Amino acid sequence: MEDVTQAIQGVPLNHYILLSAVIFAIGVIGVLIRRDAIVIFMSIELMLNAVNLLLTAFSVHHNDASGQVFVFFIMALAAAEVAVGLAIIVMIFRNTNSTDVNVLNKLKW
Amino acid sequence: MSVSLFYFVAFLSIFFALLVIFAKNPVHSVLYLIVTFFTFTIHYILLNAQFLAIVNFIVYMGAIMVLFLFVLMLLNLNESQGSSKPTLIKVIGVIAGMCLVITLIGSMKALHVSDPLILKTQDLGLVKNLGKVLFSKFLLPFEISSLLLLSAMVGAVLLAKKDIKQA
């Protein structure tokens, strides 16, 4: 374990920001281009994880454990969000027989 | 070897994240997402955030992804519906995402932070240290998050069960 923690000492903070930005943007693209509600949901999970990684990197950078506690809270929130969201998707599927978000366009206007 | 391990894992993260959103079959998307989360676990280990690595491994890969798979099996999306957005919308979506990346990178350039990440205290992300912070400084949010989980549980049960009047 010592080797591994020594290993990371050369990576600039910028590259963590870059990685998180790219993963977050991939999540945004996923939300924009997919119509399946479950895949949209998974893209949101990707975005949450990108933010988690960045918070951890900043926490190490500032030598402050609060960032990692925030990540813990975000994970609890993600679990709650997934439970409610998947229940809603199951209900939508029961009513419309598909998980296509374009079926639910009554709220558009 | 040391630094290049980060770049290799970062490459894997981006690669599998791309596969998540471009896979046709939702089940494949879930499986790729599990691999993506595994690479995130490796990132946490590299940052010596051992508690978060374990929580990410158990909660995200173990619980949340199994929930996704479970719902996918339950929904029985056999014919895949043949539904995808028109190509124009897809191209516009990708361009919008690229614009977001460019904006974020541009603002990062204005920051002028490029110091290498140095782990000042080795036990920053260990359970002992995080537990102390969690139960002293963040005690109230911790208790409130239990309320959040309770309300989410009640809400999920209420939403997913069949309407009594209809049944």
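**Exercise 1.** Find the accessible surface of chain B and the part of it that belongs to carbon and sulfur atoms.

*Solution.* The surface comes to about 10,000 Å² (Shrake-Rupley method, 1.4 Å probe). Of this, 76% belongs to carbon and sulfur atoms. This is a predicted model, where local features need pLDDT of at least 70 and side-chain atom pairs count only at pLDDT 80 or more, while totals for chains, interfaces and linings use all residues. Residues are numbered from 1 along each chain as its sequence is written, chains are lettered from A in the order in which they are written, and side-chain values use heavy atoms, leaving out hydrogens and water.

**Exercise 2.** Characterise the interface between chain A and chain B.

*Solution.* First count contacts (heavy atoms within 4.5 Å): chain A brings 79 residues and chain B 84. Then take the buried area (accessible area lost on being put together, 1.4 Å probe, summed over both parts): about 7,700 Å², with 76% from carbon and sulfur atoms. On the chain A side, A:Ile33, A:Met42 and A:Met75 lose the most area, together 9% of what that side buries. Finally, look for salt bridges (Lys or Arg side-chain nitrogen within 4 Å of an Asp or Glu carboxyl oxygen): the count is zero.

Conventions: Buried area is the accessible area (1.4 Å probe) that two parts lose on being put together, summed over both.
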